[in-house]
Amino acid sequence: MVDLYIMRHGQSTANRDNIFTGWSDVALTEQGIAQAKIAGQKLAQANVQFTQVHTSYLRRAIQTANIVLEQIDQLYLPMRKSWRLNERHYGALRGMNKDTAKEQFGAWQVQQWRRSYVAVPPLLSRPEPKRQYPLGLEPRGESLEMASVRLLPYWQDVIAPGLRQGQNQLIVAHGSTLRALIKYLEQIDDADIMQVEVDNGSPIHYQLDQQLHIIKKEFI
Ligand SMILES: O=C(O)[C@H](O)COP(=O)(O)O
């Protein structure tokens, strides 16, 4: 048996302001910092010893991971960052207020963009290259399915091999990338993933067997 813990970052400034975020690199709010501390304290109570921590290239997740590691007294652990764990890219929606988007496009359409597996948000006219992403890597917008396709190689190549060796892993990532991972792990179908929500700063514990089948799932 091995332990996998996954958690979404604490509240970001964009979460607070109800703004589509995606790959925008926004910081945690005071509330987000407090959520990360509480999550870390809960993990400390669970007394779990991790081998490795995985997070994205985005500061809200990295900040959260650091706070959690401090709380569990495991700041020494290797932290691996990957763009594959980045939030789903919200394309031309990023920076837009979610209520404004509902007024402009309708609540049904916005809900499809936010929660369906296949809906692709309006795309950016061109990618916006940044130093941390090799040229052309940053997408122009992603459906949950597209995010899943670029996330799962990281699961298969990096996280799953560690788990198979009995090494407990912690993933600190984002609402949509974690929904994609939950869909994969729990074999949730495309329609039902619409209902799955992942809250800020709330760790989920999976106890897995040698084949990485779920023995137990609990919300910490
Ligand atoms: O990128 C975002 O805006 C958030 O991380 C998640 O937002 P959502 O709940 O609208 O998918």
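**Close-up 1. Helix 2 packs against helix 3 in this predicted model.** Helix 2 covers residues 30–46 and helix 3 covers residues 59–71. Where they pass, the crossing of helix 2 with helix 3 is right-handed. To find the contact, look on helix 2 for I33, A36, K37, A39, G40, Q41, L43 and A44, and on helix 3 for T64, I67, V68, E70 and Q71. By kind, the residues of this contact are seven nonpolar, four polar and two charged.

**Close-up 2. Helix 4 meets helix 5.** Here residues 98–105 form helix 4 and residues 107–115 form helix 5. The two axes come within 7 Å of each other and cross at roughly 125°, which makes helix 4 oblique to helix 5. From helix 4, the residues to look for are K98, A101, K102 and F105; their partners in helix 5 are A107, Q109 and V110. Four nonpolar residues, one polar residue and two charged residues make up this contact.

**Close-up 3. Helix 6 crosses helix 7.** Follow residues 144–164 for helix 6 and residues 175–186 for helix 7. Their axes come within 9 Å, with a crossing angle of roughly 70°. Since angles from 65 to 115 degrees count as roughly perpendicular, that is how helix 6 is described relative to helix 7. Helix 6 brings L144, A147, S148, L151, L152 and W155 to the contact, while helix 7 brings S176, T177, R179, A180, L181, K183 and Y184. Sorted by kind, these contact residues are eight nonpolar, three polar and two charged.

**Close-up 4. A shell of residues surrounds the ligand.** Around the ligand you will find F20, T21, G22, E87, Y90, R114, H174, G175 and S176. Two of the shell residues are nonpolar, five are polar and two are charged.

**Close-up 5. Confidence scores accompany the predicted model.** For the protein chain, the average pLDDT is 97, and 100% of the residues score at least 70. The model has an ipTM of 0.95 and a pTM of 0.97.

Notes:
Residues are numbered from 1 along each chain as its sequence is written. This is a predicted model: local features need pLDDT of at least 70, side-chain atom pairs count only at pLDDT 80 or more; totals for chains, interfaces and linings use all residues. A residue is near a molecule or strand if its C-beta atom, placed from the backbone, lies within 6 Å of it. Ala, Val, Leu, Ile, Met, Phe, Trp, Tyr, Cys and Pro count as nonpolar, Asp, Glu, Lys and Arg as charged, and the others, Gly among them, as polar. Axes are lines fitted to C-alpha atoms, for helices over the stretch in contact, and angles run from 0 to 180 degrees between N-to-C directions. Helices (H or I, at least four residues) and strands (E, at least two) are DSSP runs, numbered from the N terminus. A crossing is left-handed if the near helix is turned anticlockwise from the far one by less than a right angle, and right-handed if clockwise. Two residues are in contact if their C-beta atoms, placed from the backbone, lie within 7 Å. pLDDT is the predictor's confidence in each residue, from 0 to 100. Angles under 35 degrees count as roughly parallel, over 145 as roughly antiparallel, 65 to 115 as roughly perpendicular and the rest as oblique.
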